[in-house]
Amino acid sequence: DLLVTIDNLALRRAMDELDDELAVVNAELRSKVSELKWNASYYQDINARTSTTYFETWGELLDEREKAKGLSATFERAKRQKVKNAITDDQFDTIKYDLRGQLQKIKKLEQAVEQLRGQVQSAQGLSELGTDQLSPIVAKLAAIRAKRKALRAQIAEGELRSPINGTVLRRNRFAGERCDLGVPVVTVVEETSARVMVYYPQKSRKIPHVGDRVTLQLPPDSHELDC
């Protein structure tokens with residue numbers, strides 16, 4: 001049973017400080033989580049719009065490449081016709097410049113596709129950020145909880161419990177009173193250590209033998225004690 005609780009004011013103040021620190025870090029964690037949720041939603045929106053533009057531009061590039069194949073075939077025929085003087089110089093130059101312009105357009109589209117691909121990958125990476133930013137706060141919370149656990153163990157050492165079954169015979173100090181080193185706080189009598197010595201007058205009519213059961217009354221207790 002708990003006999004005495006020793007209150008260590010320094011440990012209590014330290015526990016209060018840790019509780020305040022824990023509340024602040026928890027608030028910081030909630031704020032960071034809210035911020036990361038908003039950022040994730042924002043970057044996911046950017047990612048969706050960038051992805052749409054990327055696939056549209058990629059599709060346009062594929063179409064222009066098909067047109068370039070047709071213009072290349074037309075240009076090859078025009079070269080053969082030019083040798084035979086089957087087309088005019090103006091017609092040949094028009095086909096040549098059309099092909100050159102188409103190839104330049106394809107080059108620009110390829111650059112745009114590469115740039116959009118990088119933006120999509122960057123947006124995906126940003127939307128997945130979060131756990132790394134939370135790790136320092138989570139580590140701080142774990143450290144505070146470990147300190148609180150150790151401090152609670154220290155405070156629990158101030159609970160003095162009886163190592164035996166017995167009765168508190170005397171309280172040597174009052175609640176709130178300071179106790180010096182080496183001074184007993186309570187006196188406990190162990191159950192098996194209490195023996196009653198009974199003396200009978202020689203003129204007694206009946207003196208019990210060893211092992212007989214007798215009933216005694218020990219003032220000021222009014223209850224009878226079976227021995």
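Q: Where is Ser162 found?
A: Helices and strands are DSSP runs (helices H or I of at least four residues, strands E of at least two), numbered from the N terminus. Ser162 is found in the loop that runs between strand E2 (159-161) and strand E3 (166-171). The model is predicted: local features need pLDDT of at least 70 and side-chain atom pairs count only at pLDDT 80 or more, while totals for chains, interfaces and linings use all residues. Residues are numbered from 1 along each chain as its sequence is written, and side-chain values use heavy atoms, with hydrogens and water left out.

Q: What does the side chain of Ser162 reach, and which residues does Ser162 touch?
A: A polar contact is a pair of N or O atoms within 3.5 Å; within protein, one must be able to donate a hydrogen and the other to accept it, and residues adjacent in sequence count only if both atoms are side-chain atoms. Here the Ser162 side chain reaches the backbone oxygen of Ile164 at 2.7 Å. Contact means heavy atoms within 4.5 Å. Leaving out residues up to four places away in sequence, Ser162 touches Asp1, Leu3 and Val188.

Q: How many helices and strands does the protein chain have?
A: There are 3 helices and 6 strands, and along the sequence they follow the pattern β-α-α-α-β-β-β-β-β.

Q: Which residues have the most contacts inside the largest nonpolar core?
A: A nonpolar core is a set of buried Ala, Val, Leu, Ile, Met, Phe, Trp, Tyr and Cys residues joined through side-chain atoms within 4.5 Å. Buried means under 20% relative accessible area, exposed over 50%, and partly exposed in between (1.4 Å probe, protein chains only). The largest core has 13 residues, and those with the most contacts inside it are Val25, Leu29, Leu141, Ile144 and Leu151. Helix H1 (9-83) and helix H3 (131-156) each supply at least two residues of this core, and H1 gives the most, with 7 residues. A second, separate core of 8 residues includes Tyr54, Leu61, Ile106 and Val113.

Q: Is Thr57 buried or exposed?
A: Thr57, in helix H1, is buried, with a relative accessible area of 12%. Beyond residues up to four places away in sequence, Thr57 touches Leu109, Ala112, Val113 and Leu116. Thr52 is also placed in helix H1, but counts as partly exposed at 42% relative accessibility.

Q: How many salt bridges does the count come to?
A: Side chains of opposite charge can pair when their charged atoms come close. A salt bridge is a side-chain nitrogen of Lys or Arg within 4 Å of a carboxyl oxygen of Asp or Glu. The count by this rule comes to 12. In one of them, Arg65 pairs with Glu110, with the closest N and O atoms 2.9 Å apart. Arg65 lies in helix H1 and Glu110 in helix H2 (residues 89-127), so the pair ties together parts that are 45 residues apart in sequence.

Q: What separates Lys79 and Glu76?
A: Lys79 and Glu76 form a salt bridge (3.4 Å, N to O). They are separated by about one helical turn, because they are 3 residues apart in helix H1.

Q: Where do Arg213 and Asp226 lie?
A: Arg213 forms a salt bridge with Asp226, with the closest N and O atoms 2.5 Å apart. Arg213 lies in the loop between E4 and E5 and Asp226 in strand E6 (residues 224-226), so the pair ties together parts 13 residues apart in sequence. Arg213 counts as exposed at 64% relative accessibility.
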